[in-house]
Amino acid sequence: MEKKSMKITPWTKGNIAAVAVTYVANVILLALIFVAIVAINDARGKNAFDEFFKNPAVFINFLLLLVLFVAVIVIFFFFEDRNFLRDAANSEMLFLILEFSIIICFLTGQYVSMYVRPLALSALLVLFLTNSRTAAFMNFLFCVITFLFDNFSGTTSGFSDYSAVFFLAMGLASGTIAIYFLKDVSSRVKLLSLSLLLSLPALLCVALPLVDFGNSNLIVSLVSAACSGPLSAALFMVFLPFFEVLFKKASFFRYAELTDHKSKFIRKMIAQAPGTFNHAIVVSNIAEACATAIEEDALLARTCAYYHDIGKLRRPDFFKENQADGTNPHDDLTPELSANIIKAHATDGYQLMMKNRMPQIIADVCLQHHGTLPIIYFYDKAKKFTDGEVSLAQYRYPGPKPQTKIAAIIMIADGCEAAARALPDRSREKVYAVVKKLVSDRMEWGQFDECEITLKELNIIINTVVNSLTGVYHSRIEYPKISLDKIEDDAEEKKVEA
């Protein structure tokens, strides 16, 4: 789930136009969905299509209410998370979830049972693709708009006059339970089992003796209500991957899949760049510990660490950790060309992630984990060849600098792991000195200027990195050199003596 950023990204005319078009287009689409629902209800004898639309004031009132509720979405994100609103794809994702959930609820209500409607589906999708605050807001909007559709379209025709109010209460309660009871669930089996909780509001409303929901059989209604929660969870698990791929988002489930060693890119890394893979494993352990220490998303940090050097798959042999036979192709290249190959792995990784519709946040870390740092080794080598007259700009990564705390963590963990591995003496004092200097150097280069990480958090990260590295590269007992043949001979002699 995504965290809200406090840094406000400037808007452009293109952003404003894209967001405006998205909202206008989706108001029209919601109106068309409503007209389709009225037509279907008319065909099923629940509402007279001509009678509903013969009075333009009724439809105009509905449209005005719809525009009002959509405007509430703009107001909420403008003050709550302007960066989220800035990207039109985010708004389109929320509208698509809203429209998809309305259609599913209508179809199940009309062709199965009004009590089996998966009213928590919208809340679950928004929760796992964004955050609990956005999910709570969108759940409220979904329930109110569904209430609007039910009343104006004749969907609740045949029920008591106040039944729509109870359906509104069911949706609000089911969605709220989903958001606050299922938000930390990372197992699909556990999610499905806990989904029974989502059925409780519907069961309670159906079982109330003073509520008249029509002439339906009570037992059938109760069974349908009991199925509403599991149906919400089942549909959520089916359609979540679709939204993840379409909008380049990721949930707990997606992170778990990406870090599985059987996943596509992990298998390629193991086969083609084993040294890079081993480096990524160590960095992932460090990054996960650091994220936990400063209360960031540990699973996201771990996943980003696995993929931060994925761009090295393009030319694995040009990176030291993969040169098992001691052959270094950089020996035959100019320093400038070598530097270009090394810094290209950041953009190569980003492009590879985008091409395969991987989560945007992971692709961004591929691009940002070296920021605008210089490649000192080849810069120094070039200076020796040209008597010191070399432009540092030619030997710097293109950036951008880390934009999030997770990207900053990966930058630190990546550099510290490589530096510690090169140390002849890996005592805690030596490791601490190297980590402290590495973080200080990056601060002097201004690498953390564009993310929201604090000095306190950097100090916590330094100590966490030192603890992790000393755990990985701990000192070992020096075993005595004893011949196994000698031990066996001694044992035979004792047997003979006995």
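How far is the sulfur of Cys-416 from the closest cysteine sulfur, and in which residue does that sulfur lie? In this predicted model, the closest cysteine sulfur to that of Cys-416 belongs to Cys-290, at 8.3 Å, which is too far for a bond. A disulfide would require the two sulfur atoms to be within 2.5 Å, and a search of the whole structure finds zero disulfides. Cys-416 counts as buried because its relative accessibility is 0%. Cys-290 is likewise listed among the buried residues of helix α14. Cys-227, by contrast, is partly exposed, at 37% relative accessibility.

The chain comprises 22 helices and zero strands. Of its 498 residues, 49% are buried, and the accessible surface amounts to about 24,300 Å², with 61% of this area belonging to carbon and sulfur atoms. Among contacts between residues at least 6 apart in sequence, 76% join residues at least 24 apart.

Helix α14, which carries Cys-290, spans residues 274-293. Its 20 residues reach 29 Å from the first C-alpha to the last, close to the expected 28 Å. The buried residues of α14 include Phe-277, His-279, Val-282, Val-283 and Ile-286, and the buried residues of this helix pack against α13 (264-272), α15 (298-307), α19 (405-421) and α21 (455-472). After α14 comes Glu-295, with a positive phi near 60 degrees.

Helix α6 (residues 121-129) is largely enclosed by the rest of the structure, because nine of its nine residues are buried. Among them are Leu-121, Ser-122, Ala-123 and Phe-128. The packing partners of the buried α6 residues are α5 (88-111), α7 (132-153), α8 (163-181), α11 (218-247) and α12 (252-258).

The whole structure contains 13 salt bridges. One of these is formed by the side chains of Glu-288 and Arg-302, whose closest N and O atoms are 2.7 Å apart. This pair links distant parts of the chain, with Glu-288 in helix α14 and Arg-302 in helix α15, 14 residues apart. Glu-288 is partly exposed, at 28% relative accessibility, whereas Arg-302 is buried, since its relative accessible area of 19% falls under the 20% limit for burial.

A further salt bridge joins the side chains of Arg-188 and Glu-257, with an N to O distance of 2.9 Å. Here too, distant parts of the chain are linked: Arg-188 lies in helix α9 (residues 188-194) and Glu-257 in helix α12, 69 residues apart. Both partners are partly exposed, Arg-188 with a relative accessible area of 30% and Glu-257 with one of 38%.

Within helix α19, Glu-417 and Arg-421 lie four residues apart, about one turn of the helix. An α-helix has 3.6 residues a turn, so residues three or four places apart point the same way. The side chains of Glu-417 and Arg-421 meet in a salt bridge, at 2.8 Å from N to O. Glu-417 is buried, with 1% relative accessibility, while Arg-421 is partly exposed, with a relative accessible area of 37%. Elsewhere, salt bridges with shared partners connect Arg-188, Arg-254 and Glu-257 in one network.

On the surface, Val-24, Ile-28, Leu-29 and Leu-32 form a nonpolar patch, with about 360 Å² of accessible area together. Leu-29 is located in helix α1 (residues 13-43) and counts as partly exposed, at 36% relative accessibility.

Key
Residues are numbered from 1 along each chain as its sequence is written. This is a predicted model: local features need pLDDT of at least 70, side-chain atom pairs count only at pLDDT 80 or more; totals for chains, interfaces and linings use all residues. Side-chain values use heavy atoms; hydrogens and water are left out. Patches are made of residues with over 30% relative accessible area and no salt bridge: like charges are joined within 9 Å, nonpolar side chains (Val, Leu, Ile, Met, Phe, Trp, Tyr) within 5 Å. Accessible areas come from the Shrake-Rupley method with a 1.4 Å probe; for residues, only the protein chains shown count as cover. A salt bridge is a side-chain nitrogen of Lys or Arg within 4 Å of a carboxyl oxygen of Asp or Glu. Helices (H or I, at least four residues) and strands (E, at least two) are DSSP runs, numbered from the N terminus. Buried means under 20% relative accessible area, exposed over 50%, partly exposed in between (1.4 Å probe, protein chains only). Contact means heavy atoms within 4.5 Å. The expected span of a helix is 1.5 Å times one less than its number of residues.
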